[in-house]
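Trainee: I am new to this structure. Please take me through a single part of it, closely and step by step.

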Amino acid sequence: MPYRAPVADIRFLLDHVAGFPELAATARFAEATPDLTAAILDGAGRLCEEVMAPLQRVGDLHPARLENGIVRTPPGFAEGWRAIAQGGWIGLAAPTRHGGMGLPQTLAMAVTEMMSGACLALQIAPLLTQGQIEALSHHASDALKALYLPKLISGEWSGTMNLTEPQAGSDVGAVRTVAVPKGDGTYAITGQKIFISWADSEFIGNVVHLVLARLPDAPPGTRGISLFLVPRNIPDASGDPGARNSLRVVSLEHKLGLHGSPTAMMDYDGATGWLVGEPHRGMAAMFTMMNNARLGVGMQGIGVAEAAFQQALAYARERRQGATPQGGAIIGHADIRRMLAAMRAEIFAARAIALSCAVAIDMADATEQADWAARAAFLTPIAKAHGTDTGVEVASAGVQVHGGMGFVEQTGAAQYLRDVRVTPIYEGTNGIQALDLVGRKLADGGEAAWRLLEEIEQGAEAARALLPEPAGDVWAAAETLRETTEWMLTQDQTDRFAGAVPFLRAWARVLGGHVHLAAARAEGGAGPRTALARVFVARLLPEHVALLAQARAGAAGLYALSDDDLAA
């Protein structure tokens, strides 16, 4: 089945659940009118359906490859990139003074979701470039901004992020790459980086790497990390790509999925780089890019979930197997209907949570109010982890709906699962997102959490007249979540960390009930979105009880099992 961009659902959520009208009412984003928003989403939808979606299988069947030092990408990817760049999609939320449109990140994230559903392997390239634009906009010198931002925003050049090394994955403080001052304002960068997405390609004019490295006087750990801009080709006096820098792609990884996206090991051998931000403050600058990317990766998971659901639904409506209460196709079987309804409800909730997070980020930018910034910070790990978990779980359910035909590659159902499986891993594993939630995000004594819980309970109260039972269930769930959040605040780090993942998932469940209720209220308490809300509240929300029980189990039972016990 051809991919169909979920423009109508996104517009409904923006207008009625995520709070986009409030954002558009600010002076900062006054240009994001309903007409412009509709034009942006419709245009992006057409690009995804007509240009990017046809490349989905192509990228899987014709993987990126390294030939004589040149990265060759799948047929059609160069044309796809040019269509993305020429349409201005990379610079949608970028600063206008450097050629961007200056529109809300919320719209850029909605476009990210649609592009990811159409062809995730290609979409990774603009997402990384957008993250680099964000980091340079906040931390680079004026000279670097003037030279690099217009090229990145236009899509003439692309951007990457280089964090991971063979011995330094999530422990970024173990980075060994070094940067030695050359005496002319530049630095010689030497070291190896791995898992670098879109590290190079044959069709992009220049690739700009943001590289974490240590200065000679760097203190140990993350406090000694600096950030450097290292281009593949050093720009000449005219700003065009000049001499090749002292860096190279050593190899491309053979991956479970995302075959069309080149993921490289990079070698830097005294490559020329420029410092971004302050010395030894590289993590602060890189986190600007990573936080942008974390919400974007959540959107990637949601996008793939949408595409996998669409294919499973189409198959279920056509495949005939056994007798059903409706007769005909397998969509009439209760268990198939259960899976499809749960998939649809999960996607709707994850999309609403992520868009609400994006609106909070934009509102913090527009108003400079601390409450909006705290809300955005609290929602980001939930949006990333739940969005990507939803991608994996829905894609897996899509294979199940297909039955044996899902396990063979010809249908394409398995590709969605293979492609999306990395999203809970990169940009901070989902376990790390959960640790962030119970650590940094509760460091305010729970203030951001209490505000969200109050909003959830107020929403449930407002829905009682239309939907008394679902509203009561959501209100009760919020109270149970409040009790466990209070418990978390009294625990030591080890016990918090032991329950962090189920705690985050419980938050996603309760927030999911909240956004479904809001959608049902906007629909007047009757209609397809109300029916979907009932599915979520009756079948998925109850999981929060078991999740919170796990969250409060503490760490003692885990450590009571020795290493040898686990191996027995």
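This is a predicted model: local features need pLDDT of at least 70, side-chain atom pairs count only at pLDDT 80 or more; totals for chains, interfaces and linings use all residues.

Mentor: Strand β6 (residues 206-213) and strand β7 run antiparallel, joined by six bridges. Two strands count as paired if DSSP finds at least two bridges between them. Strands are DSSP runs (E, at least two residues) and helices are runs of H or I with at least four, numbered from the N terminus.

Residues are numbered from 1 along each chain as its sequence is written, and side-chain values use heavy atoms, with hydrogens and water left out.

Stay with β7. The strand spans residues 226-231. It also pairs with strand β11 (residues 263-276), again in the antiparallel sense, over three bridges. There, Leu227 stands opposite Val276 of β11.

How many of the residues of β7 are buried? Six of its six are, so the strand is mostly covered. Buried means under 20% relative accessible area, exposed over 50%, and partly exposed in between, with a 1.4 Å probe and protein chains only. In a regular strand, side chains alternate between the two faces of the sheet. In β7, one side carries Ser226, Phe228 and Val230. The other carries Leu227, Leu229 and Pro231. Both faces are covered.

Now compare a helix. In α5 (residues 77-86), the buried residues are Phe77, Ala78, Gly80, Trp81, Ile84 and Ala85. They cover an arc of only 160° around the axis, which puts them on the same side of α5. The arc is that of the directions from the helix axis to the C-beta atoms. An α-helix has 3.6 residues a turn, so residues three or four places apart point the same way. The buried residues of α5 pack against α3, α4 (56-61), α6, α7 (142-154) and β3 (157-162). Contact here means heavy atoms within 4.5 Å. After α5 comes Gly88, with a positive phi near 80°.

One more buried residue is worth a look. Gly472 sits in helix α15 (residues 468-489). Its relative accessible area is 19%, so Gly472 is buried. Between the C-alpha atoms of Gly472 and Ala395 there are 31 Å, and the two are 77 residues apart along the chain.
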